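Let's take a walk through this model together, one packing contact at a time. Keep the viewer open and turn the structure as you read.

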Amino acid sequence: MYGVCMTLQAAHPGIVSWLCEFPTPRKFPFSHRTLPVRPGDVTLEPSVFHFSLSLTAFLVLNLRPMNILALLKSRFAPALKSRVTDPASLLEMIRVAQDAKFGDYQANFAMSLGKTLGKSPRDVATEIAGETQLDDLCLPFDVAGPGFINLKLRDDWLAAQLQAATTDDRLGIEKTTKPRTFVIDYSSPNVAKPMHVGHIRSTVIGDALYRTLQFLGHKTISDNHLGDWGTQFGMIIYGWKHFADAAAFTARPVPELSRLYRLVSKLVEYRESLAALPTVQQKLTQRQAEIKTLQSQPAAADKAAAKKAAQQLAQAQNQAKSLQEEIDSLQTKIAAVEGDPQLAKTAAAHSDIDQRVLAETAKLHAGDAENLKLWHDFLPHCRDEIQRVYKRLNVTFDHELGESFYHDRLAPVVEDFVARGLAKDSQGAMCVFLPGFEAPMIIRKKDGAFLYSTTDLATIQYRRETWQPDAILYVVDHRQSDHFEKLFAAAKLWGCENIQLAHVKFGTVLGEDGRPYKTRSGDTVGLEGLLDEAVSKANEVVKSIDDANPTGPQFSAEQRQNIAETVGIGALKYADLSQNRESDYTFSYEKMLAMNGNTATYMQYSYARVRSIFRKAETTPAAVLAAGGKIVLSHPAERALGIQLLRLAEALATVEAEFRPHYLTTYLFDLAKSYSTFFENCPVLKAETTELKNSRLLLCDLTARTISLGLSLLGIGVVEQM
Ligand code: ARG
């Protein structure tokens, strides 16, 4: 070990310093043995031979660390470690420079460290940078202002990294040395209800995380937690028993099931709205009285009291406003039935439909033969329906264990919670009281029914037993935050402290009117219709590009349609992924298919244009390399493009750390912009020398491959011509 380290200390000091950063003891990825590694460890016994070999393999793999930021951090770590016990927060202050005139990267820790050490930050900066091995990567450093260390990468080092990437399928991105097992729970629609635009977010974000984490070397297990056991089946079963059109079902099962679902849910909502209305109206009357009283009070004498009164009034007015909105929505549901004579008649004939739907669901769960048979008849059709959408989106799952899969585990889970003293009876319901939460988590209702939470606990138990994950990611709407906070707290009490449970939440898809996205008729948009529309709009875009081709259109109608499929679906996915997932986003075909801007269309078009250069040059990247092509960075735009190409690893690391794919789209957009500047300033085919032409062709190829790799990690395809 010592020998290896010493040799490497000369060859690659960064690696040794990085190695010395390991906490002890730690498991080495290649040896599968827990070995303590400390700075200064010297062991040369034969028994560590196996370990040394593994270590060598491990180090060789790390000889091309393409994450520049991580590399710089590893270089600074030893000097910082010798001054403070935990340099993590100081290392975070090494960043990409905001302004190119300060270099490429900046280390800003000296100001904070100077305070800790009671020294001048400039002296601290100079001392630390002087002790740090940087000259193989950077030009001589420069300390600016109060103590910023400005770092500019060496052109020859950059060119060597890029050259290595030209022959590497992974573009120099190494697999992680700390692989974790991730279970990713995404898509997870409630089947038998039509899938809607909200499901696309979970599906697309989950798929992008799955692909990215897998590419980075983690073990990834995708599990589509289908809602295949809930009340919606009670509705369909009730609908089947009372309103079925058997011929329609035989001809087209899913539309008939959807019709039954919509009919019954409308009637149930009608009943529920009728029942809820008086209470809400009463609350509103109370608030209105309160507002009147507050308004008629004489003005307060002092400022503080006046402020308090104003706050009280504003609060009451807000509450009145939201109660009024609730009443409007209840009345809309009531009018939907009462305004339609046929429906009103049906509603009158099924006045206890809400109770009877619950009873049908309860019978299904209790194993009633008739209901179970209906469920078995209906489920495959519902599954086929969603599979069509997945196929179109090019999304697959390792597992699709729906809620029904966990049915037999629910009672034992509740028993286990009770046996461990974690759940208590409260007015007949079994509740888990969680520290820090006002309301408990109910895991069994008074009537014996289990809940969504119970199933989720059973699911955690199964996933733990089956896959031993390090992390479970739930890619689910932010409106379920409360559910997941409680679920995770309960799971912790239950002994899951060592699993990272993360709610990867996302916002709502809005229409251009700022309200949840709907079609003109007011129904939430079906997913398939949405995909069709995106593809048809993409076809118009492809057509307009093709028609404008100076040498005349080059594609047949069929080719255009194929391109449009990739472009349309890509646009839809990218529009979703390019938003910070937690914000709501506005759905607009026009924006998502824009030819310039942060869109898949722009990225795909950039890719196709780079590829067309090779066609024009009548050569290939392999031929350029075979002819001895070498990357040289002679122009600032080439250098800027080169650095941007090498920053893919940094972008992927942020996606990995925060489960936010938009870091990758932002990166790709910046890359496309760097490429565009390069292309405007640096002639490729008309470069002054063959060497320069070859170098630029290689930069073009790296750009195309980076776009294509980046898009593929987002689940988006490219087209060679567009
Ligand atoms: N089926 C649920 C819904 O549509 C989402 C399920 C998310 N996953 C989970 N394990 N709870 O709201």
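Predicted model: local features only at pLDDT ≥ 70, side-chain atom pairs only at ≥ 80, totals over all residues.

From α10, the residues Gln 232, Met 235, Ile 236, Tyr 238, Gly 239, Trp 240 and Phe 243 touch a set in α12 made up of Glu 256, Leu 257, Arg 259, Leu 260, Tyr 261, Leu 263, Val 264, Ser 265 and Leu 267. Sorted by class, the residues of this α10 and α12 contact come out as eleven nonpolar, three polar and two charged.

How are such pairs described? Two packed helices are characterised by the angle between their axes and by the distance between those axes. Here, helix α10 spans residues 231-243 and helix α12 spans residues 253-296; their axes lie 8 Å apart, and the packing angle is about 100°. Angles from 65 to 115 degrees count as roughly perpendicular, and α10 and α12 are therefore roughly perpendicular to each other.

Now move to the part of the chain that carries an annotation. The unreviewed UniProt entry lists residues 70-153 as "domain: Arginyl tRNA synthetase N-terminal". In the model, the chain over residues 70-153 is 42% helix and 15% strand, with its end C-alpha atoms 14 Å apart.

Let's look at a helix pair here. Helix α4 (residues 68-81) and helix α7 (residues 121-131) have axes that come within 9 Å and cross at roughly 120°. α4 and α7 are therefore oblique to each other, and α4 passes α7 in a right-handed crossing. Which residues of α4 and α7 meet? On the α4 side you will find Phe 76, Ala 79 and Leu 80, and on the α7 side Ile 128, Ala 129 and Glu 131. The residues of this α4 and α7 contact are five nonpolar and one charged, with no polar ones.

Strands come next. Strand β6 (residues 148-151) pairs with strand β4 (residues 105-107) through three bridges, in the antiparallel sense, and Tyr 105 stands opposite Leu 151 in β6. Strand β5 (residues 142-144) is also joined to β6 by three bridges, and β5 and β6 run antiparallel. In that pairing, Ala 144 faces Phe 148 in β6. β5 and β6 make a hairpin with three residues between them, and Gly 145 in the turn has a positive phi of about 50°.

Another helix pair is worth a look. The axes of helix α8 (residues 155-166) and helix α25 (residues 636-646) come within 10 Å and cross at roughly 55°, so α8 and α25 are oblique to each other. α8 passes α25 in a left-handed crossing. Asp 155, Leu 158, Gln 161 and Leu 162 of α8 meet Arg 639, Gly 642, Ile 643, Leu 645 and Leu 646 of α25. Five nonpolar, two polar and two charged residues make up this α8 and α25 contact.

Our last stop is an open sheet of three strands, ordered β9-β10-β11, with antiparallel pairing. β9 (423-426) and β11 (441-444) stand at the edges, each with a single partner strand, so one side of each has no neighbour in the sheet. From one strand to the next, the twist averages 45°.

Methods
Residues numbered from 1 in each chain as written. Heavy atoms only, no water. UniProt positions renumbered as here; feature names shortened; annotations may be inferred. Helix = DSSP H or I, 4+ residues; strand = E, 2+ residues; numbered from the N terminus. Axes fitted to C-alpha atoms, helices over the stretch in contact; angles between N-to-C directions. Parallel < 35°, antiparallel > 145°, perpendicular 65-115°, else oblique. Left-handed = near helix turned anticlockwise from the far one by under 90°. Contact = heavy atoms within 4.5 Å. Nonpolar A, V, L, I, M, F, W, Y, C, P; charged D, E, K, R; others polar. Pairing = 2+ DSSP bridges.
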